[in-house]
Amino acid sequence: MGAKIQELLPIGSVVWLKDAKRPMMIFGIKQTDTDTQEEYDYIGVLYPEGNMGPQTNFLFYHADIERVEFRGYDNEARKVFMDKLAEVYQDQTAGEQH
């Protein structure tokens with residue numbers, strides 16, 4: 001199950017997933033697996049290497065994070081984006097209830 005929109009970490013955040021041997025850097029939020037159509041909270045890459053192609057991108061949930069090593073950049077533009085994203089998801093949830 002995904003996290004609430006306002007709980008999501010900013011892109012650029014470096015996190016340790018439960019039982020991980022390496023940290024991950026978040027480079028996207030609310031991503032859909034194109035094979036299964038399942039939506040995840042984040043897409044990340046191994047840190048410090050970064051993106052080395054689709055085979056090195058990992059989808060995961062907020063609940064999979066054990067600890068935050070570094071919180072990514074957060075500013076007014078991100079706040080506006082997150083508020084709009086929350087509205088979209090609220091609208092989708094309301095539509096599913098009818």
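In which strand does Ile 65 lie? I find Ile 65 in strand β5; strands (E, at least two residues) and helices (H or I, at least four) are DSSP runs numbered from the N terminus.

On provenance, I note that this is a predicted model, where local features need pLDDT of at least 70, side-chain atom pairs count only at pLDDT 80 or more, and totals for chains, interfaces and linings use all residues. Residues are numbered from 1 along each chain as its sequence is written, and side-chain values use heavy atoms, with hydrogens and water left out.

Sheet. I read an open sheet of five strands, ordered β4-β3-β2-β1-β5 with antiparallel pairing (two strands pair if DSSP finds at least two bridges between them). β4 (57-60) and β5 (65-70) are the edge strands, each pairing on one side only. I looked up β2 (residues 24-32) with β3 (residues 39-46): they pair antiparallel over seven bridges. Met 24 has Leu 46 in β3 as its bridge partner.

Ile 65. I list this residue as buried because its relative accessibility is 13% (buried is under 20% relative accessible area, with a 1.4 Å probe and protein chains only). Beyond neighbours within four places in sequence, its contacts (heavy atoms within 4.5 Å) include Val 15, Trp 16, Tyr 42 and Phe 60. I also checked Ala 20: it is 45 residues away along the chain, with a C-alpha separation of 9.5 Å from Ile 65.

Core. I find 15 residues in the largest nonpolar core (buried Ala, Val, Leu, Ile, Met, Phe, Trp, Tyr and Cys joined through side-chain atoms within 4.5 Å). Ile 65 is among those with the most contacts inside this core, along with Leu 8, Val 15, Tyr 42 and Phe 60. β1 (14-17), β2 and α1 (76-97) each supply at least two of its residues.

How values were computed. Buried < 20%, exposed > 50% of the residue type's maximum accessible area, 1.4 Å probe, protein only.
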